Amino acid sequence: MNKCLLLGCFPKVWKTAKVIAIPKTDKRKLHTVQGYRGISLLPIPGKYLETLVIGRLNFFLESTGQIPPQQYGFTAGRSTADTIQTVIESVRRGRKLGTKCCLLTLDIAGAFDNAWHPAILARLWELKCPPNIYNIIKDFLQDRNSHIRIGDDVSSKRVTKGCPQGFVSGPTLWNIIISGLEILSKASNLEIVTFADDILLKFHGSSHLAVLTTVENTLSTVEMWCKKHKLETSKDKTALMPMFIRKSEIYKSHPGVTTRGITVVSRLKYLGVMLDCKLDWFPHTLYLENKLLRIRNNLVRCSKATWGISYSNLATVYKHAILPVITYAAEAWQSLISKRAKNKLQQIQRSVLIFLTKAYRSVSLDALQAIAGLMPIEQAVSLYKDIRAISRVQPTNAVIFQLRKIETPIKTKGTHPIDRYLHVELTGVEGIAEVTVYTDGSKTEQHVDAGMVAVKDSREIHTETQRLNNECTIFQAELCGIRMAIDWIQNQRKKAST
């Protein structure tokens with residue numbers, strides 16, 4: 001592996017992929033190629049080398065600030081919920097300023113399948129990629145072959161474009177290509193948010209006509225960029241949604257919109273949520289209702305009042321399959337949801353709880369929640385939001401203040417992959433330590449504790465304990481004990497140096 005990195009060479013034997021066709025969920029397309037997803041099975045050693053190369057490439061991109069801030073896909077510490085929240089906050093900010101705005105969604109057709117290799121290399125050259133990384137990626141993209149077997153027939157093809165599913169480097173290489181769209185962010189009345197191949201543009205201006213002029217100019221720029229990189233936008237997934245407007249005829253009749261066949265809508269699906277032009281989230285709750293209705297109907301076939309799946313198992317399905325669907329991206333919409341949307345969420349929970357408890361339809365929602373032993377949906381969504389905030393050290397309404405002192409997520413940046421290694425002693429000689437440190441954590445129904453003790457010459461030289469909140473887990477207690485030991489060791493080093 002080190003020799004390959006040194007020479008900038010990717011062995012040809014590791015470039016051959018075996019393609020497996022997996023049917024997609026839409027059965028109407030199974031008679032066409034688009035009805036199948038091709039997964040590339042690649043040699044494991046090649047994936048090892050690919051991981052090493054991409055680790056160094058990611059370090060270069062992060063250390064030099066080459067990853068655009070508007071890219072949320074395949075980026076550490078960012079998720080779809082963060083992307084949605086960014087879009088919503090931008091729209092609300094524009095409304096407070098009294099400007100007109102609209103959202104435009106763009107989807108690159110077959111993005112990963114059509115990523116042009118020369119465009120990737122040209123972009124790396126523009127970013128001044130180190131020669132050793134550039135050379136091995138260039139060799140990695142050359143002379144690639146794919147084989148697919150259907151029955152007794154085998155077909156082979158040389159691959160000159162695309163980042164097939166199965167590549168470790170696919171997400172990073174696509175981010176390199178899409179980073180070229182940062183030219184759009186130079187416009188003062190345009191904001192761009194990208195998540196992988198899903199692009200959302202937010203236009204704002206003093207009037208609707210000014211917004212439409214910016215839309216037309218931007219679309220022309222995107223079309224030129226796609227043509228240069230041999231890509232195309234999917235017209236079926238391109239939609240324009242004016243925000244906070246009663247009559248959208250001015251958008252539907254604009255030449256720049258009609259000539260391109262862009263659909264003007266009042267609601268659109270974006271990264272798993274249903275955005276609407278009023279941001280009251282009622283269409284999203286209707287979308288959730290239809291989605292969860294299918295899950296509920298499938299469970300009904302497997303559980304009746306006297307036979308089938310037990311309540312404990314159904315409760316597990318509710319907590320780990322149904323509730324996550326409802327709380328998805330709750331940090332973006334929980335504080336903005338309208339009254340009718342709240343009522344719809346309660347109706348969704350009520351229909352599920354009636355099935356879980358096998359109660360009569362006349363039973364009240366409060367009684368159903370008490371019988372099932374489940375919290376109201378408003379509290380469940382709020383709890384999910386607080387847990388997400390605590391895990392990211394963000395402001396929250398949670399009252400468990402002790403958790404902030406116990407857990408603080410830290411991400412170490414600026415470390416080159418070559419320095420991320422663990423030295424392994426292979427001589428068989430065991431090191432002799434002057435001081436031995438023991439740590440432990442315990443949890444009972446009454447308390448959660450963590451402790452550490454340092455022993456030297458069979459004598460305790462330091463002991464320390466700490467009481468944790470009862471909501472903490474045994475794993476948090478164990479980690480707290482380890483943290484106490486590390487802090488003590490660092491203090492001893494400081495005393496020795498002074």
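**Reading the chain**

Modeller: Lys-29 sits in the loop that runs between strand S1 (16–23) and strand S2 (36–41). Keep in mind that this is a predicted model.

Biologist: Is Lys-29 buried, partly exposed or exposed?

Modeller: Buried means under 20% relative accessible area and exposed means over 50%, with partly exposed in between. Lys-29 has a relative accessible area of 43%, so the class for Lys-29 is partly exposed.

Biologist: Which residues form a positive surface patch?

Modeller: Lys and Arg count as positive. Lys-29 belongs to such a patch. The residues that form the patch are Lys-24, Lys-29, Arg-37 and Lys-237.

Biologist: Where is Leu-41, and which residues is it in contact with, leaving aside neighbours within four places in sequence?

Modeller: Leu-41 is found in strand S2. Its relative accessible area is 44%, so Leu-41 counts as partly exposed. With neighbours within four places in sequence left aside, Leu-41 is in contact with Thr-16, Ala-17, Lys-18 and Ile-20.

Biologist: What separates the C-alpha atoms of Leu-41 and Val-19?

Modeller: Along the chain, Leu-41 and Val-19 are 22 residues apart.

Biologist: How many salt bridges are in the whole structure?

Modeller: Side chains of opposite charge can pair when their charged atoms come close. The limit used is a side-chain nitrogen of Lys or Arg within 4 Å of a carboxyl oxygen of Asp or Glu. A search of the whole structure gives 11.

Biologist: Glu-191 forms a salt bridge with Arg-93; how many residues apart in sequence are the parts it ties together?

Modeller: The closest N and O atoms of Glu-191 and Arg-93 are 3.9 Å apart, and the limit is within 4 Å. Glu-191 lies in strand S6 (residues 190–195) and Arg-93 in helix H3 (residues 80–96), so the pair ties together parts of the chain whose separation in sequence is 98 residues.

Biologist: Are Glu-191 and Arg-93 buried, partly exposed or exposed?

Modeller: Glu-191 has a relative accessible area of 29%, and Arg-93 has 44%. Both values fall between 20% and 50%, so each residue is partly exposed.

Biologist: Which helix holds both Arg-123 and Glu-126?

Modeller: Arg-123 forms a salt bridge with Glu-126, with the closest N and O atoms 3.0 Å apart. The two residues are three apart, about one turn of the helix. The element that holds them both is helix H4 (residues 117–126).

Biologist: Arg-388 also forms a salt bridge; which residue is its partner?

Modeller: The closest N and O atoms of this pair are 2.9 Å apart. The pair links distant parts of the chain, 57 residues apart, with Arg-388 in helix H15 (residues 377–391) and its partner in helix H12 (residues 330–333). The partner is buried, with a relative accessible area of 11%, and its name is Glu-331.

Biologist: Where does His-229 lie, and which residues does it touch, not counting those up to four places away in sequence?

Modeller: His-229 lies in the loop between helix H7 (208–228) and strand S8 (239–242). Its relative accessible area is 13%, under the 20% limit, so His-229 is buried. Not counting residues up to four places away in sequence, His-229 touches Trp-116, Ala-119 and Ile-177.

Biologist: What is phi of Leu-271?

Modeller: Leu-271 lies in the loop between strand S10 (267–270) and strand S11 (273–276). At 15% relative accessibility, Leu-271 counts as buried. Its phi is a positive value in a residue other than glycine, near 55 degrees.

Biologist: How many helices and strands does the chain have?

Modeller: The chain has 498 residues, of which 40% count as buried. Its secondary structure comes to 17 helices and 14 strands.

How values were computed: Residues are numbered from 1 along each chain as its sequence is written. This is a predicted model: local features need pLDDT of at least 70, side-chain atom pairs count only at pLDDT 80 or more; totals for chains, interfaces and linings use all residues. Side-chain values use heavy atoms; hydrogens and water are left out. Buried means under 20% relative accessible area, exposed over 50%, partly exposed in between (1.4 Å probe, protein chains only). Contact means heavy atoms within 4.5 Å. Patches are made of residues with over 30% relative accessible area and no salt bridge: like charges are joined within 9 Å, nonpolar side chains (Val, Leu, Ile, Met, Phe, Trp, Tyr) within 5 Å. Accessible areas come from the Shrake-Rupley method with a 1.4 Å probe; for residues, only the protein chains shown count as cover. The place of a charge is taken as NZ of Lys, CZ of Arg, CG of Asp or CD of Glu.
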